[in-house]
Amino acid sequence: MKKLNQPLIISTLFVSAIASVVHADAVDLTWEINSGLKHDNTLTVAELDQVSEQSDVALTLQGEAKIKWKISPKLTLKSNLSYQVNDYQTYHDYDLNLAKIAFDLDYRFTDATLGTSYYFVDAELAKEDFLQFSQNSMYWSRLFDQRYLLRVSADYKKKEFANLTDRDATSFGVSNQHFFFFNQAKSFVSLNFNIDNENANNNQFDHQALGARAMYSHSFEGWEHKQQIQFGWQFNKKDYQQITTNEPFSPADQFGSNEQPESDVQAQRKDKSQVVDAQWIFNITPNWSLNTKVEYGHYESTITSLNYDETISSLSIKGVF
């Protein structure tokens with residue numbers, strides 16, 4: 001599995017090159033920091049099909065650097081580098097650290113935008129190498145009458161696990177996003193739909209996925225402070241290609257052998273989930289804001305141990321400079 005330091009070095013050299021050859025007024029650099037608390041009543045590792053009945057509180061911390069380079073009036077390059085820590089107080093097997101790198105290059109025509117993007121994540125679970133994920137996308141978008149934005153994309157994704165090569169996979173998918181703006185662009189409704197076909201090293205994990213998400217967002221001013229509220233709903237469905245004959249890995253097996261225990265499960269595996277969430281952002285100052293979020297998910301599967309409900313609540317403070 002490739003190491004993260006290579007993309008990090010490339011990104012650092014790339015940013016340094018921009019700073020040395022481009023005029024300052026062509027580059028916009030933004031720094032963000034986000035820290036808070038998160039409570040999860042059902043600890044899970046979705047990529048391992050691992051569900052625990054335990055609950056815990058995590059300290060969260062994220063730092064991010066964003067660069068926007070206006071190469072020409074029509075050509076824009078955006079990149080960001082971030083690192084996120086989720087440190088649970090009791091069950092450290094679920095500690096998750098994420099390093100992310102992303103690039104986006106888009107060209108604006110008279111009435112549309114054509115672009116390409118690259119996204120890479122290196123994840124550590126319980127302070128051990130866990131998963132690397134990358135996504136390459138091509139997209140097209142168009143704004144109609146300053147009210148409706150349509151975006152369609154084709155995505156190629158790749159997953160590489162540190163110790164579970166059976167679950168290494170590639171997938172190809174298409175998605176479309178719809179944004180409806182109103183109230184002088186202070187409010188919008190978005191509808192997103194996606195289809196993915198994933199092929200794993202072990203055919204047992206091959207599946208087709210269908211997803212949909214709807215969100216309402218409204219920005220307003222109250223108590224002499226800018227605020228934003230958001231409400232979302234998400235649906236996901238996965239149909240696996242082969243008959244499932246094994247139960248998911250136990251926590252003790254997640255960094256060990258690829259062999260799984262025998263079970264009585266013989267049906268074709270199907271997973272389904274619905275998640276609703278609510279978020280409130282309160283801007284304390286132009287640079288600092290409080291973010292409160294509550295999320296409830298209902299998960300169903302033909303594998304009995306993957307039927308559960310999960311509630312996640314969080315409170316964080318975010319600074320943008």
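Which side chain meets Arg-142 in a salt bridge? The side chain of Asp-111 does, at 3.2 Å from N to O. A salt bridge here is a side-chain nitrogen of Lys or Arg within 4 Å of a carboxyl oxygen of Asp or Glu.

## Model and conventions

This is a predicted model: local features need pLDDT of at least 70, side-chain atom pairs count only at pLDDT 80 or more, and totals for chains, interfaces and linings use all residues. Residues are numbered from 1 along each chain as its sequence is written, and side-chain values use heavy atoms, with hydrogens and water left out.

## Overall make-up

The protein chain has one helix and 16 strands. Both come from DSSP runs, numbered from the N terminus: helices are H or I with at least four residues, strands are E with at least two. Of the 321 residues in the protein chain, 39% are buried. Buried means under 20% relative accessible area, exposed means over 50%, and partly exposed lies in between (1.4 Å probe, protein chains only).

The protein chain exposes about 18000 Å². Carbon and sulfur atoms supply 57% of that area. Accessible areas come from the Shrake-Rupley method with a 1.4 Å probe; for residues, only the protein chains shown count as cover. Among contacts with a separation of 6 or more, 55% join residues 24 or more positions apart. Contact means heavy atoms within 4.5 Å.

## Salt bridges

Side chains of opposite charge can pair when their charged atoms come close. The count of salt bridges comes to 15. One of them pairs Lys-66 with Glu-32 at 3.2 Å, N to O. This pair links distant parts of the chain, 34 residues apart: Lys-66 is in strand 4 (residues 56-70) and Glu-32 in strand 1 (residues 27-40). Glu-32 is buried, at 15% relative accessible area. Lys-66 is partly exposed, at 32%.

Lys-78 and Asp-106 meet in another salt bridge, at 3.9 Å from N to O. Lys-78 sits in strand 5 (residues 75-88) and Asp-106 in strand 6 (residues 96-108), 28 residues apart. Asp-106 is buried, with 6% relative accessible area. Lys-78 is partly exposed, with 36%.

Back to Arg-142 and Asp-111, which meet in a salt bridge. Arg-142 belongs to strand 8 (residues 128-144), and Asp-111 to the loop between strand 6 and strand 7 (113-125); they are 31 residues apart. Arg-142 is partly exposed, at 29% relative accessible area. Asp-111 is partly exposed too, at 40%. Elsewhere, salt bridges that share partners join Asp-49, Arg-167, Arg-269 and Asp-271 into one network.

## Nonpolar surface patch

Ten names make up a nonpolar patch on the surface: Leu-29, Trp-31, Ile-33, Leu-61, Ile-284, Trp-288, Leu-290, Leu-315, Ile-317 and Phe-321. Together they have about 890 Å² of accessible area. Patches are made of residues with over 30% relative accessible area and no salt bridge; like charges are joined within 9 Å, nonpolar side chains (Val, Leu, Ile, Met, Phe, Trp, Tyr) within 5 Å.

Strand 1, strand 15 (288-301) and strand 16 (308-320) each supply at least two residues of the patch. Strand 1 gives the most, with three. Leu-61 lies in strand 4. Leu-61 is partly exposed, at 43% relative accessible area.

In soluble globular proteins, nonpolar side chains tend to be buried together. The largest nonpolar core has 15 residues, of which Val-45, Leu-48 and Phe-130 touch the most other members. Strand 7 and strand 8 are the elements that give two or more residues to this core. Such a core is a set of buried Ala, Val, Leu, Ile, Met, Phe, Trp, Tyr and Cys residues joined through side-chain atoms within 4.5 Å.

Phe-130 has contacts beyond four places in sequence with residues including Val-45, Leu-48, Ala-123, Leu-125, Phe-161 and Ala-162. Glu-47, Glu-124 and Glu-160 are also among them.

Ser-79 lies in strand 5. Ser-79 is buried, at 9% relative accessible area. Not counting residues up to four places away in sequence, Ser-79 touches Ala-65, Lys-66, Ile-67, Ala-102 and Phe-103.

Gln-268 lies in strand 14 (residues 268-283). Gln-268 is partly exposed, at 35%. The side chain of Gln-268 reaches the backbone oxygen of Tyr-240 at 2.6 Å. Beyond four places in sequence, Gln-268 touches Tyr-240, Gln-241, Gln-242, Ile-243 and Thr-302.

Note on methods: A polar contact is a pair of N or O atoms within 3.5 Å; within protein, one must be able to donate a hydrogen and the other to accept it, and residues adjacent in sequence count only if both atoms are side-chain atoms.
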